[in-house]
Amino acid sequence: FVLPSEGGEGLPCALLEAMSIGMPCMISNCKIPAAKNAIFYLKNNNPDTISRAIISVYTNKKLSRSLEQKSKRAFYEKFTFEKLTENYIRLYKRIA
């Protein structure tokens, strides 16, 4: 899954959907600290950069499997509806 971005997105739903099924994910101009090791961060939106990254992940099966496992694990540990709800409740209790 590739999400080249000009920035400004919060947490893109399309990215979460890809993570939930264990797709290797590549994004640019969007930082998601909770999933930093589960996502391949592109340096820029240059087509050459993107194509090299796709080829790199596709041809390196060890990297591809690692990203698949880490993205799915990160989604289910941090981004399910239940986990997000728990985090919001915890935040609201802390600031109330």
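Axes are lines fitted to C-alpha atoms, for helices over the stretch in contact, and angles run from 0 to 180 degrees between N-to-C directions. Helices (H or I, at least four residues) and strands (E, at least two) are DSSP runs, numbered from the N terminus. The model is predicted: local features need pLDDT of at least 70 and side-chain atom pairs count only at pLDDT 80 or more, whereas totals for chains, interfaces and linings use all residues. Residues are numbered from 1 along each chain as its sequence is written, and side-chain values use heavy atoms, with hydrogens and water left out.

The sheet is open and is formed by 3 strands in the order β1-β2-β3, with parallel pairing; two strands pair if DSSP finds at least two bridges between them. Because β1 (2-3) and β3 (39-42) stand at the edges, each with a single partner strand, one side of each is left without a neighbour in the sheet. Strand β2 (residues 25-28) pairs with β1 in the parallel sense over 2 bridges, and Met26 in β2 is the bridge partner of Val2.

In helix α1 (residues 13-20), the residues Leu15, Leu16, Ala18, Met19 and Ser20 are buried, that is, under 20% relative accessible area with a 1.4 Å probe and protein chains only. The cover over these buried residues of α1 includes β1, β2, β3 and α3. Gly22 follows α1 and has a positive phi, near 80 degrees.

Helix α2 (residues 47-59) also packs with helix α3 (residues 61-79), at an angle of about 95 degrees and with the axes 5 Å apart. The two helices, α2 and α3, are therefore roughly perpendicular to each other, a term for angles of 65 to 115 degrees. In this contact, Ser56, Val57, Tyr58 and Thr59 of α2 meet Lys61, Leu63, Ser64 and Leu67 of α3. The residues of the contact comprise 4 nonpolar, 3 polar and 1 charged, where Ala, Val, Leu, Ile, Met, Phe, Trp, Tyr, Cys and Pro count as nonpolar, Asp, Glu, Lys and Arg as charged, and the others, Gly among them, as polar.

Helix α3 packs in turn with helix α4 (residues 81-95) at an angle of about 40 degrees, with their axes 6 Å apart. The helices α3 and α4 are therefore oblique to each other, the class left once angles under 35 degrees (roughly parallel), over 145 (roughly antiparallel) and 65 to 115 are set aside. Here Tyr76, Glu77, Lys78 and Phe79 in α3 meet Phe81, Lys83, Leu84 and Asn87 in α4. By class, this contact of α3 with α4 has 4 nonpolar, 1 polar and 3 charged residues.

Notes: Contact = heavy atoms within 4.5 Å. Buried < 20%, exposed > 50% of the residue type's maximum accessible area, 1.4 Å probe, protein only.
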